[in-house]
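Here are my notes on the model you sent over. Have the structure open while you read, and go through the points in order.

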Amino acid sequence: MEIFNSMTRRKEEFVPIEPGKVRMYACGPTVYNLIHVGNARPIILFDVLRRYLEYRGYEVTFVQNFTDVDDKIIKRANEEGISSREVAEKYIAEYFKDAKALGVRPATIHPRATETMDEIIDLVRTLVDKGYAYAVPSGDVYFRTLKFPGYGKLSHQPIEDLQSGARIDVNDEKENPLDFALWKAAKPGEPSWDSPWGKGRPGWHIECSAMNRKYLGPTIDIHCGGEDLQFPHHENEIAQSEAANGVPFVHYWMHNGFLNIDNKKMSKSLGNFFTVRDAAAAYGYEPIRFFMLSAHYRTPLNYSAESLQQAQAALERLYTARDNLRFLAEHGAEGEMTPAEREVLDAAESFRERFDAAMDDDFNTADAVSVLFEVVRAANKATGPDQKPTRDGAKALLGLMGEFTDVLGLLYDKSEDDLDAKVEEMITKRQEARKAKNWAEADRIRDELKAMGIVLMDTKQGVQWKRD
């Protein structure tokens, strides 16, 4: 398996620190609003990365944080007349609603900045003691950027260029414009914690370093995030973590490309800012997930109505194939598999090899999705109307298809077992009503199913159904 490492800017063979185990961290949201479609891309992509690593047999410890104390949260709290804690709790709950609907599994650990305060303060104290940080009279603590010799190595920007582009504030207490805040002195009305430098709260960058060290150790395997986080956030994480711990911070950096809206950068000022909830109301959650997997994670991706409609159509093809196989697994012919079914299953290992090869090649979900559709086409052909599909063949084909959809996290929002059982029960009752020539009852059940979005189809094998 090879990963494009943002640090070295080349593909590298993935070798975990500890055989069979992966320590993985992804920067989570600042919880002051609903997540937007740009946030959804890394959330979905790195959920699939985790799934694939587990599919390959790794034990994955996945940490994704919540920034629950921040200027934006404080601003929202003042606007709504509630506490910062209430704002954070509200939008953490909303995050989990959207994440679940997107098919994103909870991380192993979801730490919060406010629950990691002792570790944050301890990390800042270590940096001060080592001379990498300094306190100023106001109570702020800054990282001494020029003291860290590797600063700029992730973003590949020479320190001279960074210095020339740094903003210089009037009456700034910093020794150098590039120095960044580790600890911010408390302001009236803001949440604060006691520290050796007085009451205050952490800077944004330090929380991720503290959480990594607490939950994953001083050196981790994979750190993920959006391309926009490379500088300054991840650059600052590297500096403060390696300065404090004295060891390399991350072995593999993975950054996803930007998401544009109708070929323009997403911006509230342009009126093209969409929350995931907005998009899901128009197209559904699962098409958003499919869309995010339809391109390589490092390439820019353009969000548009047309692209979401195409995702809807592609998912419908997958569901139709899956539902057909499920039906045949119950109602297909008994006996040995047909030659057509056996031919597809004989090629199963080839499909797996190509799927794995796509994912092993820097996590190429677009090619992996293509292999999934090849399996679907082959399964459809093998179980077509000119064949005599068997139960065993359908079950085996369903299992092969499920291997790939499970890794990609697809076909989840229409496959609830309780709903499927209810539909099957209603169809059986309708069939009984028809046999008894109780047409009114049969029509009532049909209309009820239609209202649930269920379409019935009479076939040679019996009544099949799908969701409209």
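1. Overall, the protein has 16 helices and 15 strands, where helices (H or I, at least four residues) and strands (E, at least two) are DSSP runs, numbered from the N terminus. Bear in mind that this is a predicted model, in which local features need pLDDT of at least 70 and side-chain atom pairs count only at pLDDT 80 or more, while totals for chains, interfaces and linings use all residues. Residues are numbered from 1 along each chain as its sequence is written, and side-chain values use heavy atoms, with hydrogens and water left out.

2. Along its principal axes, the C-alpha trace spans about 90 × 50 × 40 Å. Of the 468 residues, 52% are buried; that means under 20% relative accessible area, with exposed being over 50% and partly exposed in between (1.4 Å probe, protein chains only). Take the contacts between residues at least 6 apart in sequence: 77% of them join residues at least 24 apart. Contact here means heavy atoms within 4.5 Å.

3. Next, the cores. The largest nonpolar core holds 91 residues, and Met24, Ile222 and Leu318 touch the most other members. Helix α10 (residues 305–331) gives the most to this core, 11 residues. A second, separate core has 39 residues, including Met7, Cys27, Met117 and Trp253. A nonpolar core is a set of buried Ala, Val, Leu, Ile, Met, Phe, Trp, Tyr and Cys residues joined through side-chain atoms within 4.5 Å.

4. Which residues does isoleucine 222 contact, leaving aside neighbours within four places in sequence? Its partners include Ile3, Phe14, Met24, Leu49, Leu53, Val250 and Met254. Arg23 is also one of the contacts of isoleucine 222.

5. Now the pockets and cavities. On a 1 Å grid over the protein atoms alone, a cavity is a set of points where a 1.4 Å probe fits but cannot get out, and a pocket is an open set with protein on both sides within 12 Å along at least five of seven lines; lining residues have an atom within 4 Å of a point. The largest pocket has a volume of about 1200 Å³. Of the 50 residues lining this pocket, His36, Asn39, Lys72, Asp228 and Leu229 are the closest to its centre.

6. Helix α1 supplies the largest share of that pocket's lining, seven residues. Among the other elements that each supply at least two are α2, α3, α6 (204–215) and β9 (220–226). By class, the lining has 22 nonpolar, 16 polar and 12 charged residues.

7. The largest cavity has a volume of about 40 Å³. Its lining is Ile43, Phe62, Gln64, Tyr95, Val104, Arg105, Pro106, Ala107 and His110. Tyr95 is also among the buried residues of α3.

8. Helix α3 (residues 84–101) has 18 residues and reaches 26 Å from first C-alpha to last, close to the 26 Å expected at 1.5 Å a residue; the expected span is 1.5 Å times one less than the number of residues. Cover for its buried residues includes α1 (37–55), β4 (59–64) and α2 (71–80). After α3 comes glycine 103, whose phi is positive, near 80°.

9. Isoleucine 109 sits in the loop between α3 and α4 (117–129). It is partly exposed, with a relative accessible area of 23%. Beyond four places in sequence, isoleucine 109 touches Phe62, Val63, Gln64 and Tyr215.

10. Threonine 405 lies in helix α14 (residues 391–408) and counts as buried because its relative accessibility is 5%. Not counting residues up to four places away, threonine 405 touches Leu372, Leu410 and Leu411.

11. Finally, some backbone spots to check. The peptide bond from phenylalanine 231 to proline 232 is cis, with omega near 5°, and proline 232 lies in helix α7 (residues 230–245). Aspartate 262 has a positive phi of about 50° although it is not a glycine. Asparagine 263 has a positive phi of about 65°, and it is not a glycine either. At 64% relative accessibility, asparagine 263 counts as exposed, whereas aspartate 262, at 48%, counts as partly exposed.

Definitions and conventions: Points joined across faces, edges and corners; volume = space filled by probe spheres on them. Nonpolar A, V, L, I, M, F, W, Y, C, P; charged D, E, K, R; others polar.
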